[in-house]
Amino acid sequence: MAKETPASSSMPSGLKAYTVPIFLFVLAMFFQLFLLPRSFPPSHYDGTQFSKLAFSLDYFLVLGVKMYSSVDDVKDAYQTVASKWDSGSGVSLPADFVKIQYAYELLTNLVWKRDYDLYAIDESVHIIEELEKQYAVEDFAKIKLPLLEVVSYEPEREGFMSITSQDFASKFQDSKPWLIQVYSSGSNSSAQFATVWRRIVALLDGVANHAMLELGDVQLVTYLAEKKPTGQVFFRKGLPSIFSFPPNCKTADCLIRFEGELSADAITDWFATTVLGLPRVFYHTKETLVSKFLSKVPPNKVKVILFSQTGERATPIVRQAAKDYWNFASLSHVLWREEDASFWWNALEVESAPAIVIMKDPGSKPVVYHGSGNRTWFLDILEQNKQLLLPQLRSTTSMELGCDARGYSRAGYDKVTWYCAILVGRQSVELNKMRETMCRVQDALSKYDDSDDASKDPSITPAASAHKSKRLSFAWLDGEAQNKYCFFYVQSETSYDTCGTRRAPIDVPRILIVRYHRNATETANAEQKSSKWPKTVWQSEADDVDPAAQLVVSYDGTAEIPQIIKWLSKMVDDGDNRNLPFYRAKTPELVPESAEPMRSGVPKTVKATQKLLSLWNRIKDYLADPRMGPTLLLGALLSAGNVWWMRSRSSTQQPAQTNQPSPNQPADNVEEKKKKERKREQRRRNAKEEEVPASITDNEPKDAVQILSSGSDSD
């Protein structure tokens, strides 16, 4: 075999050592020669592509003037080129004429030139390619001029609010969010977007503020616009550019930019979801409305169904209402179809869309509103119908309903006696039937007319009068969720059929009436007796009772409405006219029932996608940075120099001696070195022992002498 030379063996190791510098050098060349030229199109001034600075020789003749030349210079250059074409001395290709004519029209319009010079906005550049294809073989004289249509867009005439650097700070006084559009008065895209913007402004009425910012306000535009790593201001998606200030945000550090489709539906959905964090209102069909919406709405909430003709996503106004009325109502959308018209008429009595359907208690007739209105009209409907006909007794509603011994009557603080009729039971079909019955009882008492003495019914009048004067309230209680409260009132052998967890397939709803009575005299006497002597622990617990006395009676009759009304009237009449005992107790607290979770904001998957997109945009910004190529080349040179220095340093150092014998070293020399090493080790140990100071534990030295004192005994 041929013996490997040192030079041939060091070649792979040298390449391996210079891997990083070589990689950086190749990356710098690839960036400078291929990636960078694509990020800088030819200039309309002199036609020089940025690749010329990136060691490329591409050059396209346009006007041949310097960057940022004045309008007069552009006109002079155009006249020079045009005179050559007229004389026939210049090249008369249609493609060249299109480029020159386009550059001339762009750079002689003051607004277009400003947008191009400051922000690199050239939204009509696609016309060049289109005309090149159209007039590839035809005479350029047939090209219709001008190539560009001049646009003068003034949003103030359409009633849109504008914002400038002078009034920017003064307009951000409230906590409302802002939606701002950046536009150019000469932009055709901005002018075409006016219709969409008008629709967005109407949808955000009362939800957010809105304004428009013109590119001529360079100071404010520079502050709010995106910036490349080089500091250059740019608009990633062109014009118009949409961004928002969330609530309580007043600086550019917290603004959010919109990067989606420029449509009213997409922008308002992004604003409601990302900026405001509002819950979504989903669409359902006739097949899914019951299973995915009606059956999942908590029993204490009203169901609101919005019929739509267009199928647009819920507007910010609707979603804001869904958030504000979350504890009272649940909202859903339904797309109206003519083939389903008969179904909706038979089910909900809906004739056409748009329409709003309010569904309250089980068995109650839906409330239908046809037509569309403004924001006030919609919110008034929700406010009028946010309560169930028979409200649920909860920790948040007990005081409002007048069904709390620690509170007062709905009729006022001066009423000393009031009543609360409570339907108690577990969630079941039987409970829903009784809820429907109690709703009809309420309705009958509300419609009872006691103005005519001849038509008065003594068996109805007391309850009807108390109900109209708000001294008699109606509510229903979930006996399973509020089991302690339920057992406190339902004290019987069969209370487990009504309260607590279901132990058997038996559900027996019960009707109770609670009489609340506040007696200021007896309450004061009780407090005086309790304060006469010092309280013990047991007395303190016994005195911790509700201020209003309670008497509870359970209804044991049939579920007939007239019978229930007569029983309620008898209880109210006895409570008002008879001298009943004043008995106070400590009522168990109503358990705060867990509210339905509000699914709002951007889903996690969408957030992850947005972060990846933002990261990719950032990478593309750095790939378009002209400083990246020289930076990578400098890194390659520094890395190569560092590798060379480290290798040179290691080659000048002597290899460290080891105790391992080499293959060519004699065995006698190895053994001799080991003996010398053992002797040196022994000498180091002896030296350490001699240097240790003496202590009281050491042996007595040989030359030690004991000296006795004068008073000691000696022979």
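Contact is taken here to mean heavy atoms within 4.5 Å. In the predicted model, residues 24 or more positions apart account for 71% of the contacts in the protein with a separation of 6 or more. Because the model is predicted, local features were required to have pLDDT of at least 70 and side-chain atom pairs pLDDT 80 or more, whereas totals for chains, interfaces and linings use all residues. Residues are numbered from 1 along each chain as its sequence is written, and side-chain values use heavy atoms, with hydrogens and water left out.

The protein has 25 helices and 15 strands, defined as DSSP runs numbered from the N terminus (helices: H or I, at least four residues; strands: E, at least two). Of the 715 residues, 38% are buried (under 20% relative accessible area, 1.4 Å probe, protein chains only). In helix H13 (residues 316–324), the buried residues are Pro-316, Ile-317, Val-318, Arg-319, Ala-321 and Ala-322. Their cover includes helices H9 (194–203), H11 (264–275) and H15 (375–384), together with strands E8 (302–308) and E9 (329–335).

Helices H18 (residues 461–468) and H22 (residues 561–577) pack with their axes 7 Å apart and at an angle of about 75 degrees; axes are lines fitted to C-alpha atoms over the stretch in contact, and angles run from 0 to 180 degrees between N-to-C directions. H18 is therefore roughly perpendicular to H22 (65 to 115 degrees). Thr-461, Pro-462, Ala-463 and Ala-466 of H18 meet Ile-565, Leu-568, Ser-569, Val-572 and Asp-573 of H22 in this contact. The contact residues comprise six nonpolar, two polar and one charged, where Ala, Val, Leu, Ile, Met, Phe, Trp, Tyr, Cys and Pro count as nonpolar, Asp, Glu, Lys and Arg as charged, and the others, Gly among them, as polar.

Two cavities of 30 Å³ or more were found. A cavity is a set of points on a 1 Å grid over the protein atoms alone where a 1.4 Å probe fits but cannot get out, and lining residues have an atom within 4 Å of a point. Grid points are joined across faces, edges and corners, and a volume is the space filled by probe spheres set on the points. The largest cavity has a volume of about 60 Å³, and its lining has six nonpolar, three polar and two charged residues, including Asp-404, Arg-406 and Tyr-485. The second largest cavity holds about 40 Å³. Helix H10 (218–224) and strand E5 (241–245) each give two or more residues to its lining, which divides into seven nonpolar, one polar and two charged residues.

How values were computed: On a 1 Å grid over the protein atoms alone, a cavity is a set of points where a 1.4 Å probe fits but cannot get out, and a pocket is an open set with protein on both sides within 12 Å along at least five of seven lines; lining residues have an atom within 4 Å of a point. Angles under 35 degrees count as roughly parallel, over 145 as roughly antiparallel, 65 to 115 as roughly perpendicular and the rest as oblique. Buried means under 20% relative accessible area, exposed over 50%, partly exposed in between (1.4 Å probe, protein chains only).
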